[in-house]
Amino acid sequence: MPRSCADMLLGTHLTADLTGCRADHPWMIDAEALRQTCAASIAQAGLTSVGQCFHQFQPHASHQGAGVTGVILLAESHLAVHTWPEHGTVTIDIYVCHLLQDNQRKAQQVLDQLIEGFAPKRAHVQLIERRIPADANT
């Protein structure tokens with residue numbers, strides 16, 4: 001348990017950089033498919049969606065495929081996913097705050113489901129604990 005406000009864990013920020021994903025995977029190239037998957041994963045984990053925006057990019061002359069960027073705004077914070085099918089790459093960013101309860105397990109569940117679904121050859125995952133700085137109240 002935190003001893004003081006300076007020790008308080010505000011939230012958990014998880015990031016994943018996925019490489020070796022199939023370029024033709026529906027989540028890589030179809031904004032609606034990715035939106036449905038992300039929304040279902042958020043709901044399944046027990047997080048609360050309060051808004052969302054998913055954008056399908058148009059192919060550039062030098063690339064055959066075009067990626068997707070999607071964001072779900074959560075009552076607990078956010079989920080962002082960016083795909084680059086031409087590189088077989090995906091980045092995922094999920095941040096949850098812990099104001100009323102510890103939401104780290106829920107965020108990890110969402111991240112794990114998305115990583116499993118994209119089926120990358122490699123996944124680099126990072127966990128950042130967001131805390132109140134020790135000198136915040138001075």
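Arg-35 is partly exposed, with 25% relative accessible area, where partly exposed lies between buried (under 20%) and exposed (over 50%), using a 1.4 Å probe and protein chains only. The model is predicted, so local features need pLDDT of at least 70 and side-chain atom pairs count only at pLDDT 80 or more, while totals for chains, interfaces and linings use all residues. Residues are numbered from 1 along each chain as its sequence is written, and side-chain values use heavy atoms, with hydrogens and water left out.

The side chain of Arg-35 meets that of Glu-32 in a salt bridge, at 2.7 Å from N to O. A salt bridge here is a side-chain nitrogen of Lys or Arg within 4 Å of a carboxyl oxygen of Asp or Glu. Glu-32 and Arg-35 are three residues apart in helix H2 and therefore separated by about one helical turn. Glu-32 is also partly exposed, with a relative accessible area of 38%. The structure holds three salt bridges. Another joins the side chains of Asp-24 and Arg-22, with an N to O distance of 2.9 Å; Asp-24 counts as exposed, at 52% relative accessibility. Arg-131 forms a salt bridge with Glu-129, the closest N and O atoms being 2.9 Å apart. Both of these residues are partly exposed, Arg-131 at 41% relative accessibility and Glu-129 at 40%.

The secondary structure of the chain comes to three helices and six strands. Helices (H or I, at least four residues) and strands (E, at least two) are DSSP runs numbered from the N terminus. Along the sequence the pattern is β-α-α-β-β-β-β-α-β. Of the 138 residues, 38% count as buried. The chain exposes about 7800 Å², of which carbon and sulfur atoms supply 55%; accessible areas come from the Shrake-Rupley method with a 1.4 Å probe, and for residues only the protein chains shown count as cover. Among contacts (heavy atoms within 4.5 Å) with a separation of 6 or more, 62% are between residues 24 or more positions apart.

In soluble globular proteins, nonpolar side chains tend to be buried together. A nonpolar core is a set of buried Ala, Val, Leu, Ile, Met, Phe, Trp, Tyr and Cys residues joined through side-chain atoms within 4.5 Å. The largest such core has 29 residues, of which Leu-79, Val-81, Ile-92 and Phe-118 touch the most other members. At least two residues of this core come from each of strand E1 (9-19), helix H1 (26-29), helix H2 (31-45), strand E3 (68-74), strand E4 (77-84), strand E5 (89-97) and helix H3 (104-118). Not counting residues up to four places away in sequence, Val-81 touches Leu-34, Cys-38, Val-68, Thr-69, Gly-70, Val-90, Thr-91, Ile-92, Leu-114 and Phe-118.

The axes of H2 and H3 come within 9 Å and cross at roughly 145°. Axes are lines fitted to C-alpha atoms, for helices over the stretch in contact, and angles run from 0 to 180 degrees between N-to-C directions. The contact involves Leu-34, Thr-37, Cys-38, Ser-41, Ile-42, Gln-44 and Ala-45 of H2, and Lys-106, Gln-109, Val-110, Gln-113, Leu-114 and Phe-118 of H3. Thr-37, found in helix H2, is buried at 18% relative accessible area. Residues up to four places away in sequence aside, Thr-37 touches Trp-27 and Leu-114.
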